Amino acid sequence: MDIQSDHRYAINLNVRGIQPSSTLRINELSNQLKADGKDIIKLGLGQSPFPVPDRVVEALKAHAHEKDYLPVKGLKGLRESIAGYINRSERMRFTWEDVLIGPGSKELLFLLQLAYYGDLLIPRPSWVSYAPQARIIGRSVHWLPTHAENNWQLTAEELDIICRDDPSRPRILIMNYPSNPTGCTYTDDQLLAIANVARKYKLILLSDEIYGEVHFEGKHKSIARYYPEGTIISTGLSKWAGAGGWRLGTFIFPTELRPLLDAMAIIASETFTSTSAPIQYAAISAFNGGDDIDEYLVQSRRVLKVIGEYVHRRLTDMGAVAQKPEGAFYLFPDFSAFRDRLSKRDIKTSQAFCTSLLENTGVAILPASDFGFVPDHLGARLAFVDFDGAEALKLAGGDYADHDLGDGFVEQACPRLVKAMDKMEAWLSSL
């Protein structure tokens, strides 16, 4: 039977041809190769290596019996906790009614694009799911150019250029910082300049701050401070509390965008209904914070910073060009210096580069083409997460509590990352 001609297989044309999420795909491939007995160092999926804080785990155990459907917009107590969390960190004045809870910020982003009829503006490079979601829904995507010399960050000038030809066109601008895939972030001056352009064109600005708490210096600032009336803050538990599989995300809206929040809630009521009750109850303890959560974050940042600096130095010494990360757990190295040598092995795209690296070394990273670049841009995203996060936190807060972290710590706490750098260096040297 010809499946393509059978109407029972008439898949939505917006979905046909789209591959599964590349981050999830590389994780499943890595797991399969490991199951086959191969030694795979997993630097593909950006999953936090750290455990969920003990108090939050205990809260989940205490609320495992909660079985009722909760309100579509989320548990009032959790919405209050999240509003308080943002108000403390950003010196703003949100109320619980400004908060929407969903099963992951990814799902909320999808609902936003369903509820708001506008084009999507995405700085390149970007996280892998922004553009495919827009394509599934049928929205237009406009890639905003960025440059390595500027840490792959959007400038106010580039944003103005794309908006000025049709100034009243409805648009959603997504900003993600600290960035996945680069680990870089914005200065106050950069945020203010972008906010002024966003206000000029009345953009909806989705500020994806899922990595805000893992800014290495603990100094993340939201662009909502500079464009409060048009900014939606997106965050969750996955990256700073190690709870990716818990699937809890949140959007915080200004009062001016309440109709958009309500529209998203209507769609939620007809799709996922509500977010898991035990998870919502447990999340209250995370967003309420406390001395234990503060210590967890301090040590997490110390660990990620020293690893980021180590991996950056190793990549630079190999001959790759990479920006020094300022947060999250990513680097975005460019291997163009090896183009001629790679070409002799018929490696001419970032996808071919990553495939060959995996086959020859067991190191799994993601190609730049998954992040919005043309196939022959010889870049990749590396997630420095293949280490025992619980042991690293214990070591950082114990033997290294009163000492600066350095290479000795990385070698002790993260031997697989050291091994990955050694393998990559040997392979590149052999080209």
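The side chain of Thr-361 gets to within 2.6 Å of the backbone oxygen of Leu-357, and it also reaches the backbone nitrogen of Val-363 at 3.1 Å. Both are polar contacts (a pair of N or O atoms within 3.5 Å; within protein, one must be able to donate a hydrogen and the other to accept it, and residues adjacent in sequence count only if both atoms are side-chain atoms). Keep in mind that this is a predicted model, where local features need pLDDT of at least 70, side-chain atom pairs count only at pLDDT 80 or more, and totals for chains, interfaces and linings use all residues. Residues are numbered from 1 along each chain as its sequence is written, and side-chain values use heavy atoms, with hydrogens and water left out.

Thr-361 sits in helix 12 (residues 350-361); helices here are DSSP runs of H or I, at least four residues, numbered from the N terminus. With 7% relative accessibility, Thr-361 counts as buried, meaning under 20% relative accessible area with a 1.4 Å probe, protein chains only. Leaving aside residues up to four places away in sequence, Thr-361 touches Lys-423 and Trp-427, where contact means heavy atoms within 4.5 Å.

Arg-301 is another buried residue, at 14% relative accessible area, and its place is in helix 10 (residues 291-318). Not counting residues up to four places away in sequence, Arg-301 touches Glu-213, Val-214, His-215, Phe-216 and Gly-218. Leu-205, on the other hand, is 96 residues from Arg-301 in sequence and 27 Å from it in space, C-alpha to C-alpha.

Now for two helix pairs. Axes are lines fitted to C-alpha atoms over the stretch in contact, and angles run from 0 to 180 degrees between N-to-C directions.

| Helix pair | Angle | Axis separation |
|---|---|---|
| Helix 3 (residues 76-90) and helix 9 (residues 277-288) | about 20° | 9 Å |
| Helix 4 (residues 105-115) and helix 5 (residues 130-137) | about 40° | 10 Å |

The angle of about 40° makes helix 4 oblique to helix 5; angles under 35 degrees count as roughly parallel, over 145 as roughly antiparallel, 65 to 115 as roughly perpendicular and the rest as oblique. On the helix 4 side, Lys-106, Leu-109, Phe-110, Gln-113 and Leu-114 make the contact, and helix 5 brings Tyr-130, Gln-133, Ala-134, Ile-136 and Ile-137.

As for the other pair, Gly-77, Leu-78, Ser-81, Ile-82, Tyr-85 and Arg-88 of helix 3 meet Gln-280, Ala-283, Ile-284, Phe-287 and Asn-288 of helix 9.

Definitions and conventions
Helix = DSSP H or I, 4+ residues; strand = E, 2+ residues; numbered from the N terminus. Buried < 20%, exposed > 50% of the residue type's maximum accessible area, 1.4 Å probe, protein only.
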